[in-house]
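I opened this notebook to record what I looked up in one structure, entry by entry. The sequence and the coordinates come before the entries.

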Amino acid sequence: SLTLPILIGNNVWIGNRSTISRGTVIPDYSIIASNSLLNKDYSEFGQHCLIAGCPAKIKSNNVTRIFDEDEQKKMDEQFGYYRTKL
């Protein structure tokens with residue numbers, strides 16, 4: 001139908017150049033990769049999903065973004081990653 005809504009959950013991160021079709025449902029706390037084509041209800045997979053592709057598929061579950069800078073620094077140290085601020 002032409003009137004199907006697009007439902008985007010809370011705290012969803014959508015990458016650039018992604019296309020979201022009518023009737024798409026994106027669960028809370030999901031991450032959408034750049035250049036993805038979303039065209040269905042992804043809520044059956046639960047929250048904290050990584051969704052990517054054309055057409056998009058669930059690539060990973062239990063994915064969490066880090067919002068706390070101190071927590072990010074601890075993770076960087078744990079994995080030996082060094083950030084430079086621009």
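In which loop is Ser36 found? I located Ser36 in the loop between S5 and strand S6 (37-38).

**Basis of the entries**

I note that this is a predicted model, in which local features need pLDDT of at least 70 and side-chain atom pairs count only at pLDDT 80 or more, while totals for chains, interfaces and linings use all residues. Residues are numbered from 1 along each chain as its sequence is written, and side-chain values use heavy atoms, with hydrogens and water left out.

**Entry 1**

I looked up the accessibility of Ser36 and found 2% relative accessibility, so Ser36 counts as buried. The classes are buried for under 20% relative accessible area, exposed for over 50%, and partly exposed in between (1.4 Å probe, protein chains only). I then listed contacts, meaning heavy atoms within 4.5 Å. Leaving aside neighbours within four places in sequence, Ser36 is in contact with Arg17, Ser18, Thr19, Ile51, Ala52, Gly53 and Ala56. A polar atom of the Ser36 side chain lies 3.3 Å from the backbone nitrogen of Gly53. This is a polar contact (a pair of N or O atoms within 3.5 Å; within protein, one must be able to donate a hydrogen and the other to accept it, and residues adjacent in sequence count only if both atoms are side-chain atoms).

I also checked Asn35, which is found in the loop between S5 and S6. Asn35 has a positive phi of about 65° although it is not a glycine. At 48% relative accessibility, Asn35 counts as partly exposed.

Arg17 lies in the loop between S2 and strand S3 (19-20). I read its phi as near 60°, a positive value in a residue other than glycine. With 70% relative accessibility, Arg17 counts as exposed.

I looked up the peptide bond from Cys54 to Pro55 and found it cis, with omega near 5°. Pro55 is found in the loop between S7 and S8.

**Entry 1: the chain as a whole**

I counted one helix and eight strands in the protein chain. Helices (H or I, at least four residues) and strands (E, at least two) are DSSP runs, numbered from the N terminus. The elements run β-β-β-β-β-β-β-β-α from the N terminus on. The radius of gyration is 15 Å, well over the 12 Å that the globule rule gives for 86 residues, so the chain is more spread out than a compact globule. That radius is taken over C-alpha atoms, and the globule rule is 2.2 Å times the number of residues to the power 0.38. The C-alpha trace spans about 50 × 25 × 20 Å along its principal axes. I noted that 22% of the 86 residues count as buried.

**Entry 2: the sheet**

What is the strand order of the open sheet of four strands? I traced S2-S5-S7-S8, with mixed pairing. Strand S2 (13-14) and S8 stand at the edges with a single partner strand each, so one side of each is left without a neighbour in the sheet. Two strands pair if DSSP finds at least two bridges between them.

Strand S5 (residues 31-32) runs parallel to strand S7 (residues 50-53), and two bridges join them. Within this pair, Ile32 stands opposite Ile51. S7 pairs with strand S8 (residues 56-60) in the antiparallel sense over four bridges. Here I found Ile51 opposite Ile58 and Ala52 opposite Lys57. S7 and S8 form a hairpin with two residues between them.

**Entry 3: the nonpolar core**

A nonpolar core is a set of buried Ala, Val, Leu, Ile, Met, Phe, Trp, Tyr and Cys residues joined through side-chain atoms within 4.5 Å. The largest has eight residues: Val12, Ile26, Ile32, Leu38, Tyr42, Cys49, Ile51 and Ala56. Not counting residues up to four places away in sequence, Val12 touches Ile26, Pro27, Asp28, Tyr29, Ser30 and Ile32.

**Entry 4: helix H1**

I searched the whole structure for salt bridges (a side-chain nitrogen of Lys or Arg within 4 Å of a carboxyl oxygen of Asp or Glu), and the search finds one. Lys73 forms a salt bridge with Glu69, the closest N and O atoms being 3.7 Å apart. Both lie in helix H1 (residues 69-79), four residues apart, about one turn of the helix. Lys73 counts as partly exposed at 44% relative accessibility, and Glu69 counts as partly exposed at 45%.

At the start of H1, a side-chain oxygen of Asp68 reaches to within 3.0 Å of the backbone nitrogen of Asp70. Just after H1, Gly80 takes a positive phi of about 70°.
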